[in-house]
Amino acid sequence: MEDLKQTTSDPMNAATGASADLQAMLEHLRKCQQSVDDLQKMVPEDNMTIVVFSGEMDKLIAALFLATGAASMGCQVSMYYTFWGLSALRKKTVYRHKNLWHRMLAWMLPTGVSQLKTSKMNFAGIGPKLFNHLMKKQQVPDLKKMLELAGELGVEMTACTTAMQIMGFDRDELIDGLEVGGVATYLQNASKSRVNLFI
Amino acid sequence: MNTIELDCVGLCCPMPLVHIKRAMDEMAPGDCLKVTASDAAFEADIKAWSEKFGHAILSIDVDENITAVVQKAA
């Protein structure tokens with residue numbers, strides 16, 4: 001009642017009061033909008049990240065099949081190749097300008113997906129041949145084709161720079177169309193993704 | 001409204017999805033895709049796939065193969 005009296009008796013004062021109220025409301029609205037924006041940044045998107053740590057044929061099959069499947073379901077897929085996983089991305093064996101240990105690694109590690117061993121039943125290289133034969137019979141594409149398909153479907157592939165340095169792999173030894181990145185690159189994507197796998 | 005047929009018989013997961021996605025990308029909203037596959041997971045997969053994109057499944061027939069008709073969302 002006190003307020004009402006005041007407003008009726010002093011219209012100028014009432015207008016100032018209303019304007020202040022409006023200002024406060026606008027400020028509140030602005031804060032709400034900011035909170036919504038901040039929250040939206042924290043909501044994971046329909047993305048998927050896969051850390052490919054292993055360098056075995058069967059594990060790469062799993063990783064690439066999930067990646068291509070997810071890409072077909074409209075997910076943005078990022079694959080991070082690190083440590084043994086880097087072997088799958090090698091396109092050539094380079095010994096020049098490398099120290100003894102890096103030459104040894106270049107020689108001992110598989111060069112590309114076609115040279116990967118299986119994690120079980122490798123039988124000195126017979127295992128991968130057997131699985132390739134069985135896959136062909138079932139019209140399942142081999143790893144080389146899956147890698148190409150992943151690229152076609154827009155799967156992003158990143159090679160871990162630290163692992164590259166440890167193993168002595170240069171960028172030009174790895175297949176084309178790769179990004180190089182570190183933990184921050186991975187985490188930036190992973191924190192926005194609903195599905196994060198480590199294979 | 002067009003109906004496009006797609007044969008994925010003999011293909012294993014995830015290849016039917018890859019082919020369906022490609023076919024669907026070329027289609028106009030309202031068009032139907034009649035896809036036949038033999039993969040045992042296909043019935044569940046096509047349902048999940050369609051729901052993900054909001055496409056409507058008009059029919060699913062399961063006999064020797066699985067045939068689904070999916071209408072592209074507007």
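In this predicted model, B:Ser50 counts as buried, because its relative accessibility is 1% and the buried class covers values under 20%. B:Ser50 belongs to helix H2 of chain B. Leaving aside residues up to four places away in sequence, B:Ser50 touches B:His55, B:Ile57 and B:Val70.

## Chain B as a whole

The secondary structure around that residue can be described briefly. Chain B contains 2 helices and 4 strands. Read from the N terminus, these elements follow the order β-α-β-α-β-β.

What radius of gyration does chain B have, and what would a compact globule with 74 residues have? The value for chain B is 11 Å, and a compact globule of 74 residues would have a radius near 11 Å, so the two agree. Along the principal axes, the C-alpha atoms of chain B fill a box of roughly 30 × 20 × 20 Å. Of the 74 residues in chain B, 42% are buried; B:Ser50, at 1% relative accessibility, is buried.

Contacts within the chain can also be sorted by separation in sequence. Among the contacts in chain B with a separation of 6 or more, 63% are between residues 24 or more positions apart.

## Backbone features

As a general rule, most residues other than glycine have a negative phi, and most peptide bonds are trans.

The peptide bond between B:Cys13 and B:Pro14 is cis, with omega at about 10°. B:Pro14 lies in the loop that runs between strand E1 (3-8) and helix H1 (15-26) of chain B.

Two residues of chain A have a positive phi. For A:Met121, a residue other than glycine, phi is near 55°. A:Met121 sits in the loop between helix H4 (100-108) and helix H5 (126-137) of chain A. For A:Ala124, also a residue other than glycine, phi is near 55°. The loop between H4 and H5 of chain A holds A:Ala124.

Are these residues buried, partly exposed or exposed? A:Ala124 is classed as exposed because its relative accessibility is 83%, a value in the class over 50%.

## Residues of chain A compared by accessibility

| Residue | Relative accessibility | Class |
|---|---|---|
| A:Ala124 | 83% | exposed |
| A:Gly181 | 10% | buried |
| A:Val183 | 61% | exposed |

A:Gly181 is part of strand E4 (residues 179-181) of chain A. Its relative accessible area of 10% places A:Gly181 among buried residues, since buried means under 20%. Which residues does A:Gly181 touch, not counting residues up to four places away in sequence? They are A:Thr158, A:Ala159, A:Cys160 and A:Thr161. A:Gly181 and A:Met157 stand 24 residues apart along the chain, and their C-alpha atoms are separated by 9.7 Å.

A:Val183 is found in helix H8 (residues 183-190) of chain A. At 61% relative accessibility, A:Val183 is exposed, because exposed means over 50%. A:Val183 and A:Ser19 are 164 residues apart in sequence, and the distance between them is 50 Å, C-alpha to C-alpha.

## Where chain B meets chain A

How many residues of each chain take part in the contact between chain B and chain A? There are 15 residues of chain B in contact with 17 residues of chain A. About 1,200 Å² of area is buried between the two chains, and carbon and sulfur atoms give 66% of this area.

The count of salt bridges between chain B and chain A is 2. One of these joins the side chains of B:Lys52 and A:Asp46, at 2.6 Å from N to O. Between chain B and chain A there are 4 residue pairs in polar contact, with both residues at pLDDT 80 or more.

On the side of chain B that touches chain A, the elements giving two or more residues are H1 and helix H2 (42-53) of chain B. H1(B) gives the most, with 5 residues. The residues on this side of chain B divide into 11 nonpolar, 1 polar and 3 charged.

Notes:
Residues numbered from 1 in each chain as written. Chains lettered and ligands numbered in written order. Predicted model: local features only at pLDDT ≥ 70, side-chain atom pairs only at ≥ 80, totals over all residues. Heavy atoms only, no water. Buried < 20%, exposed > 50% of the residue type's maximum accessible area, 1.4 Å probe, protein only. Contact = heavy atoms within 4.5 Å. Buried area = accessible area lost by both parts, 1.4 Å probe. Salt bridge = Lys/Arg side-chain N within 4 Å of Asp/Glu carboxyl O. Polar contact = N/O pair within 3.5 Å; in protein donor to acceptor, adjacent residues only side chain to side chain. Nonpolar A, V, L, I, M, F, W, Y, C, P; charged D, E, K, R; others polar. Rg over C-alpha atoms; globule rule 2.2 N^0.38 Å.
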